Amino acid sequence: MKIEPVVGEVGRYFCQSGSEEHTRHLVDLLEDACGCADWTCRHRAHQAKFYAPYRCKHIVAVREFFLDEILETLKNEVTK
């Protein structure tokens, strides 16, 4: 999946759809939200049942991307 930060918006990323090559979803890490149909349809019921946020594959991918960016930045700062 291709992931791109939204310029000027902290914590927001576009994530390419896994099933539709020319579709991308807006993921907001600060709100733990995604614009995909899976997240839109399931997050409320999941939250009510498990008292935990629902994380679709796009949110999971963006969180991993974000963590990799942070770790790379930390590594670069430590090795200066």
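Okay, let's start with a charge and a ring: the charged end of Arg-24 sits over the ring of Phe-14, 3.7 Å from the ring centre. By "over" I mean that NZ of Lys or CZ of Arg is within 6 Å of the ring centre and within 35 degrees of the ring normal.

Before going on, this is a predicted model, where local features need pLDDT of at least 70, side-chain atom pairs count only at pLDDT 80 or more, and totals for chains, interfaces and linings use all residues. Residues are numbered from 1 along each chain as its sequence is written, and side-chain values use heavy atoms, with hydrogens and water left out.

How confident is the predictor? pLDDT is its confidence in each residue, from 0 to 100, and the protein averages 95, with 100% of the residues scoring at least 70. Confidence is lowest in α2, at a mean of 95, and highest in strand β4, residues 33–34, at 98. Helices (H or I, at least four residues) and strands (E, at least two) are DSSP runs, numbered from the N terminus.

Now the aromatic pairs. How many aromatic pairs does a search of the whole structure find? It finds 2. Rings of Phe, Tyr and Trp (its six-membered ring) pair if their centres lie within 6.5 Å; planes under 30 degrees apart are stacked, over 60 edge-to-face, and the rest tilted.

Take Tyr-13 and Phe-65: the ring centres are 5.8 Å apart and the planes are at 75°, so this pair is edge-to-face. Tyr-13 belongs to strand β2 (residues 12–16) and Phe-65 to helix α2 (residues 57–78), so the pair ties together parts 52 residues apart in sequence.

Tyr-13 also forms an edge-to-face pair with Phe-66, at 6.3 Å centre to centre and 75° between the planes. With Phe-66 in helix α2 and Tyr-13 in strand β2, that pair ties together parts 53 residues apart in sequence. Ring pairs therefore link Tyr-13, Phe-65 and Phe-66 into a cluster.

Buried or exposed? Buried means under 20% relative accessible area, exposed over 50%, and partly exposed in between, using a 1.4 Å probe and protein chains only. Tyr-13 is buried at 5%, while Phe-65 is partly exposed at 25%, and Phe-66 is partly exposed at 34%.

Last stop, Val-62. Not counting residues up to four places away in sequence, Val-62 touches Ile-3, Tyr-13, Cys-15, Val-27 and Leu-29; contact here means heavy atoms within 4.5 Å. So that's Tyr-13 again, the residue whose ring pairs with Phe-65 edge-to-face.

Conventions. pLDDT is the predictor's confidence in each residue, from 0 to 100.
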